[in-house]
Amino acid sequence: MRKRAGPSLGRRAPAPVVIHSAPLVLPICAEPIRDGAVAVMGDRVAGVGPRAEQLSSFPAAREVRWAGMIVAGLVDACSAGVAPGVTARAGVVSDLTDPPGLPGISYVEVSSASEEEWEARERDAVITALREIERPCAVGLAARTRDPQVLEDVAVLARTFGLRLLVDLGRHSPAALDEAGVLGTLCHVACARPLDPGERKLLRLRRTVVALCPWEPSPVGDVLALFDEGNVIALGTGGPALDGAVVSPLEVAGAIRRRVRELGLRPRGLDRRLVEAATMGGATALGMDRGAGRIGSLAPGARADFAVFDARGRYPYAALLAQPACLGTVVGGVLTPPPAAA
């Protein structure tokens, strides 16, 4: 009998496994794991669970031991800059040749003041860029125009090219966006103002994610209503109240929690909901919450994006919202340097 041939020439050897372990792992899509670990193979998660279990499953793996808490990477759904712990973001770009900085979606701004300006110049430029640009991360459209006809054409372009849309509710009401065909599962809205019950309902019915961005006064009542009524919430850092300061989604979540407590309110499960908004909510806003390579949570097959925070305690979600220091950020299995100071 002929012997079976060995491995074919040119076949790549599997990537080595690295096990990142910590006193606490917060997968987001599952319950917290005490003395947990995340096994990483290449840019994907190979396993998540108790440390002893992962070490047994991957006996040849190299272990990286962290203090504190490993958490699924933060996702900034309307980014004003890159903060520690953020592993993906929705960023508006003026030049698609600029490096993206992080995985996520680069949104091309559409700002034509009139239909004439759009038809004469910007429309062809946007279509050409979408067809010809080579970019490591996905590309979408940020509809910042106030003209309803341009807005409607942008929605058609997005459907034609299968692009995601980012829209600011400071420029249009949900009703106007819906009339133009913008709302839907391919769209998420940046919200830095209160929403009335009808607006919240329309966004919920269209399954459009609401990315809460900071504004003053604090939106406590509106946030709690969005959670209670079932809207999908993400967090963004591009709100008008920040004056160009670079913060993380966790800081936005922590500010909401502090205001809730100042008002004497104790909503059940709020801490967990806020952390989920800063992770899985952002992933849903970008359409990257499902399938192989998904982000915003830690499970086998997900992209190996996570952050490590100097957080401990009996209540992990509350500990994260107390603004602990970020000890490290891993993107696609690679430890990334901290963002440069502004």
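This is a predicted model: local features need pLDDT of at least 70, side-chain atom pairs count only at pLDDT 80 or more; totals for chains, interfaces and linings use all residues.

Visitor: How many of the residues of strand β9 are buried?

Guide: The cut-off for a buried residue is a relative accessible area under 20%. Strand β9 spans residues 138-143 and is mostly covered. Of its six residues, the number buried is five.

Visitor: How many bridges join β8 to β9, and which residue of β9 is the bridge partner of Val-108?

Guide: Strand β8, residues 104-110, runs parallel to β9, and the two are joined by six bridges. In β9, the partner of Val-108 is Leu-141.

Visitor: Which helix makes a β-α-β unit with β10 and β11?

Guide: The strands β10 and β11 are parallel partners. They belong to a right-handed β-α-β unit, and its helix, residues 174-179, is α4.

Visitor: What is the strand order of the open sheet, and which are its edge strands?

Guide: The sheet has eight strands with parallel pairing, in the order β6-β7-β8-β9-β10-β11-β12-β13. From one strand to the next, the twist averages 25°. Two strands, residues 74-76 and 233-235, each pair on one side only, and these edge strands are β6 and β13.

Visitor: Why are α6 and α8 described as roughly perpendicular to each other?

Guide: Two packed helices are described by the angle between their axes and the distance between the axes. The axes of α6 (residues 220-229) and α8 (residues 270-285) come within 12 Å. Angles of 65 to 115 degrees count as roughly perpendicular. The two helices therefore meet that description, their crossing angle being roughly 90°.

Visitor: Which residues form the contact of α6 with α8, and how many of them are nonpolar?

Guide: From α6, Leu-224, Phe-227 and Asp-228 take part, and they meet Leu-270, Arg-273 and Leu-274 of α8. By class, this contact has two charged residues and no polar ones, and the number of nonpolar residues is four.

Visitor: What is the phi of Ile-28, and what is the phi of Asp-35?

Guide: Most residues other than glycine have a negative phi. Ile-28 lies in the loop between β1 (17-26) and β2 (33-41), whereas Asp-35 lies in strand β2. Each has a positive phi without being a glycine. For Ile-28 the value is about 75°, and for Asp-35 it is near 50°.

Visitor: What are the relative accessibilities of Ile-28 and Asp-35?

Guide: Ile-28 counts as buried, whereas Asp-35 is partly exposed. The value for Ile-28 is 1%, and for Asp-35 it is 37%.

Visitor: Which residues does Pro-316 touch, and how far is its C-alpha atom from that of Leu-24?

Guide: Pro-316 is found in helix α9, residues 316-321, and counts as buried at 7% relative accessibility. Leaving out residues up to four places away in sequence, Pro-316 touches Leu-24, Leu-26, Pro-32, Arg-34 and Met-69. Pro-316 and Leu-24 are 292 residues apart along the chain, and their C-alpha atoms are separated by 8.3 Å.

Visitor: What percentage of the residues of the protein chain count as buried?

Guide: The protein chain contains nine helices and 16 strands. Among its contacts between residues at least 6 apart in sequence, 60% join residues at least 24 apart. Of its 342 residues, the share that counts as buried is 50%.

Conventions
Residues are numbered from 1 along each chain as its sequence is written. Side-chain values use heavy atoms; hydrogens and water are left out. Axes are lines fitted to C-alpha atoms, for helices over the stretch in contact, and angles run from 0 to 180 degrees between N-to-C directions. Helices (H or I, at least four residues) and strands (E, at least two) are DSSP runs, numbered from the N terminus. Angles under 35 degrees count as roughly parallel, over 145 as roughly antiparallel, 65 to 115 as roughly perpendicular and the rest as oblique. Contact means heavy atoms within 4.5 Å. Ala, Val, Leu, Ile, Met, Phe, Trp, Tyr, Cys and Pro count as nonpolar, Asp, Glu, Lys and Arg as charged, and the others, Gly among them, as polar. Two strands pair if DSSP finds at least two bridges between them. Buried means under 20% relative accessible area, exposed over 50%, partly exposed in between (1.4 Å probe, protein chains only). A crossover is right-handed if, with the strands pointing away from the viewer, the path from the first strand over the helix to the second runs clockwise.
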